[in-house]
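This briefing covers one protein chain. The sequence and the model are shown first, and the notes come after.

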Amino acid sequence: MKARDLLVEFYDPADDSLGVAHMDDTRRPRLTMLHLQKLRKARDVEKYETAQHINFLPDMYGVTADQGDGGIGGL
């Protein structure tokens, strides 16, 4: 998979016909390869966003040079 596949918006609400149930439907919907590919892409995007968030956490909560060692008055 290429990075541009992850970054391109791939969700289209018009393609959400799998979850639509009618009163006369008695069988489970079939998962096609297209559905499985969309699920895999969604999982890969979630993994990428989680990795980006984990890489950002030290910047968010890290100690800066101005704060020094912390503690009370440098004791």
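The model is predicted. Its secondary structure consists of two helices and zero strands. Of the 75 residues in the chain, 4% are buried.

**Whole chain**
- The accessible surface amounts to about 7,300 Å², and carbon and sulfur atoms account for 56% of that area.
- Helix α1 covers residues 3-7, and a loop lies between α1 and α2.
- Helix α2 takes in residues 33-61.

**Helix α2**
- The helix has 29 residues, and the distance from its first C-alpha to its last is 42 Å.
- That span is close to the expected 42 Å, taken at 1.5 Å a residue.
- A kink of about 30° is found in α2 at Asn-55, shortly before the proline Pro-58.
- Buried residues in α2 are Lys-41, Asp-44 and Val-45.

**Salt bridge**
- The structure contains one salt bridge.
- It pairs the side chain of Arg-40 with that of Asp-44, at 3.4 Å from N to O.
- Both partners belong to helix α2, where they are four residues apart, or about one turn of the helix.
- Asp-44 counts as buried because its relative accessibility is 17%, below the 20% cut-off.
- Arg-40 has a relative accessibility of 32%, so Arg-40 counts as partly exposed.

- Thr-32 is placed in the loop between α1 and α2.
- With 36% relative accessibility, Thr-32 falls in the partly exposed class, which lies between the cut-offs of 20% and 50%.
- The side chain of Thr-32 makes a polar contact of 2.8 Å with the side chain of His-35.

**Nonpolar surface patch**
- Leu-31, Met-33, Leu-36 and Leu-39 make up a nonpolar patch on the surface.
- Together these four residues have about 440 Å² of accessible area.
- Met-33, one of the patch residues, is located in helix α2.
- Met-33 is classed as exposed because its relative accessible area is 66%, and the exposed class begins over 50%.

Key
Residues are numbered from 1 along each chain as its sequence is written. This is a predicted model: local features need pLDDT of at least 70, side-chain atom pairs count only at pLDDT 80 or more; totals for chains, interfaces and linings use all residues. Side-chain values use heavy atoms; hydrogens and water are left out. Patches are made of residues with over 30% relative accessible area and no salt bridge: like charges are joined within 9 Å, nonpolar side chains (Val, Leu, Ile, Met, Phe, Trp, Tyr) within 5 Å. Accessible areas come from the Shrake-Rupley method with a 1.4 Å probe; for residues, only the protein chains shown count as cover. Buried means under 20% relative accessible area, exposed over 50%, partly exposed in between (1.4 Å probe, protein chains only). The expected span of a helix is 1.5 Å times one less than its number of residues. The bend at a residue is the angle between axes fitted to the seven residues ending there and the seven starting there. A polar contact is a pair of N or O atoms within 3.5 Å; within protein, one must be able to donate a hydrogen and the other to accept it, and residues adjacent in sequence count only if both atoms are side-chain atoms.
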